[in-house]
Amino acid sequence: MRPPTGRHVLPALLTAAALLAGGCSKDDYVAPPPVATGDVADAAGAADTLADLQEAIRDADGPAAADLGADAAARELLTAVVANADALGLADVTLRYVTETGRTHGDDAWDGQVAVTWRVDGIDEASARIELPVSFADRGATIAAIGGSGARLPLWLTGPLAVRRDGAVVVAVAGDDAGAGRYLAAARRAVAQARAVVPGDGGLVVEVPADTEGMRRALDTDPGQYDAIAAITAPVDGTEAAGSPVHVFLNRGVYDGLDRVAAQVVMTHEAVHALTDAVAARQAPLWLVEGFADYVALRDVDLPLRTTAGQIAAQVRREGPPETLPAPGDFDPTASHLGAVYEAAWLVCVTLAEHAGQRALVEMYADVLDDGDLAAALREHASWTEAELTAAWLDRLAALPGVAG
C-alpha cells in the first residue's frame, strides 16, 4: 500500500501486512443465538433459495439465478454474480444460511446471516470464508439484496466485473473494463519481476473496486482508513487462517493518478507481498517485509537516489541519523515521515545486498518469514549481527546525496 505523493516521485510504500496486523482476530467467530422474528423468517425457505443460487453459480446459469431475485435490481445483481464467478473461475462456492438477524421488512421479508466460501481455482490454495447479511423476500423464496453496513462484501458479489486473465494472473475490475488491460499488464510484469528474484509458481489475483468506498466494503475497514493508499495486499476474508487467500486490492482513485513507473513499482511491491505470503509472517520485522518488497520493485528502475531516497535523506539532514532500524510503530499509517520510513527500510535491504549479495538477502528474507529468527538469519547469510547491520546502514544513510558533504 502506499500514500500518494507527486505523480513523478515514487511514493513511499505501505502494506496491509502492517496495517492489518493489529486488532482482534476474526477467526474466533461465535455464532449469535437465533433471534425471534415471529412468522416472518423462514429458515428452510431461505436455505433452499441459497442452494438454488449455489447450483446456478456452479452451472453458470444466469437465468436461473435471476429467477431468485425479488425485483429487477436483485435479478441484475444475481445474474452478475453468476457471470463473475464463471469469469473468475471460482471453485468451492458454498452458500449456507446461518441465522436471522432480527431485522424484518413488512410481512414477508427479513435479513439473515449467510456463510459463504469460494476460491479462485488454480491460484488460491484454500477457500475464503466469510459471513455476510442477505435480505430475503417472499418468505425466503427470493433474495432482495446482498451485503449491508459494517460487513465485508467480496467484490464478486457487488455487481458486474470486467475480468481479465492471463495464465495464473487474474484482474477483476468493478463496473466497466476501463483500465482492465493496463492493470493486467502491470500485474503480469509484477509477477515476472518478483519471480526474477524469488522463484516460485504461485499466481496473483488483483481486485479493483469501483472507488474508495468499494475498497472499504471489500476490506471491511473504517471510513477514511485507506483513502490515501494506492494498493493493499490482504486476505480476502480478513482472517489469519493458514492458507487464507491473499489478493492485491487497488484503490483506483489513487493508483490511477500515478505515473507509469510509480504504478508499476506499487504493483510489483504488492505482488512480492502476495507471492511470498508476507501478510502471514507476523514475526518478521516490518523493515524487512517492506524493505524487501521495495528492493524487488525498485531493482530494475533507473532512478537516482535523490528520488528513491529523497525523503529519508531530507529527514537525516534535518534531524540527524536514526538510532535504530525502523520499528513496527514507525509504519503506522498515521505516523509522520512515513515516506522516509519506507525509504529507510528499502536502504536496509540495499545495504544487505551490497554486503552479502542478492541471493543472501533473498535467503535471509525467506528464513525470517519462516521462523522469525532475524539474528540467526543475519549470522548465516550475512555474517553480521543486528548491531553491525545497523552501523553499515547508518553509514549508507550518511553517504546519501544531500546528506554527505
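Helix H8 covers residues 260-275, and because 16 residues at 1.5 Å a residue should span 22 Å, the 22 Å between its end C-alpha atoms agrees. That expected span is 1.5 Å times one less than the number of residues. Helices here are DSSP runs (H or I, at least four residues), strands are E runs of at least two, and both are numbered from the N terminus.

A quick note on the source: this is a predicted model, where local features need pLDDT of at least 70, side-chain atom pairs count only at pLDDT 80 or more, and totals for chains, interfaces and linings use all residues. Residues are numbered from 1 along each chain as its sequence is written, and side-chain values use heavy atoms, with hydrogens and water left out.

Back to H8: 14 of its 16 residues are buried, so the rest of the structure largely encloses it. Buried means under 20% relative accessible area (1.4 Å probe, protein chains only).

Now the cores, meaning sets of buried Ala, Val, Leu, Ile, Met, Phe, Trp, Tyr and Cys residues joined through side-chain atoms within 4.5 Å.

| Nonpolar core | Size | Some members |
|---|---|---|
| Largest | 83 residues | Tyr255, Trp287, Phe292 |
| Another, apart from it | 51 residues | Leu77, Val82, Val116, Ile232 |

Leaving aside neighbours within four places in sequence, tryptophan 287 is in contact with residues including Phe331, Val348 and Leu389; contact means heavy atoms within 4.5 Å.

Overall, the protein chain has 15 helices and 9 strands, and 53% of its 405 residues count as buried.

Technical notes. Buried < 20%, exposed > 50% of the residue type's maximum accessible area, 1.4 Å probe, protein only.
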